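Me: Hey, can you walk me through this one? I'd like to start with the strands and then get to the rings.

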Amino acid sequence: MSGVQYKQNDLRFSLGLDEFGFAVDKTFNLGTLTRNPQLNMGYTFVGAQYVDNRYDKLGIRSGIGLELPVNQFELYGEVGPTLYMVEDVDVELEAAMGVRVRF
């Protein structure tokens, strides 16, 4: 699901443009969870997504990621499984990488 993403504090909203879909995730900073500031660039997430696909439609997702701030931008990469449960039950390993503009 390639598209645009809006992140506010620990909530993230994604809108897929190549294949219509949307997702909502709650993110957790690994540095805060482990009380280790060296892990502040890492995060984990859990959420749900809908994708307009014949077999994989509604899924629960989770994963782990890394974000690297560069001036007004943020480079990120993440990976995790999604459990789809409508039309067909399926687990897919999904990954994403991209650039976020910070306002």
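**Strands first, then rings**

Reply: Strand β1 (residues 3–8) pairs with β2 in the antiparallel sense, over six bridges. Strands here are DSSP runs of E, at least two residues long, while helices are runs of H or I of at least four, all numbered from the N terminus. Two strands pair if DSSP finds at least two bridges between them. This is a predicted model, where local features need pLDDT of at least 70, side-chain atom pairs count only at pLDDT 80 or more, and totals for chains, interfaces and linings use all residues. Residues are numbered from 1 along each chain as its sequence is written, and side-chain values use heavy atoms, with hydrogens and water left out.

Me: Ok, what stands opposite phenylalanine 13 in β2?
Reply: Tyrosine 6 does.

Me: And how many residues sit between β1 and β2 in the hairpin?
Reply: Two, and asparagine 9 in that turn has a positive phi of about 55°.

Me: How many bridges join β2 to β3?
Reply: Six, and the two strands run antiparallel. Leucine 11 has lysine 26 in β3 as its bridge partner. β2 and β3 also form a hairpin, with four residues between them.

Me: Which side chains of β2 are buried?
Reply: Arg12, Ser14 and Gly16, which point to one face of strand β2 (residues 11–16). Buried means under 20% relative accessible area, exposed over 50% and partly exposed in between, using a 1.4 Å probe and protein chains only.

Me: Why is the pair of phenylalanine 22 and tyrosine 50 called tilted?
Reply: Because their planes are at 35°, with the ring centres 5.7 Å apart. Phenylalanine 22 is in strand β3 (residues 21–29) and tyrosine 50 in strand β4 (residues 42–51), so this pair ties together parts 28 residues apart in sequence.

Me: Which residues form the aromatic cluster?
Reply: Phe20, Phe22 and Tyr50.

Methods
Rings of Phe, Tyr and Trp (its six-membered ring) pair if their centres lie within 6.5 Å; planes under 30 degrees apart count as stacked, over 60 as edge-to-face and the rest as tilted.
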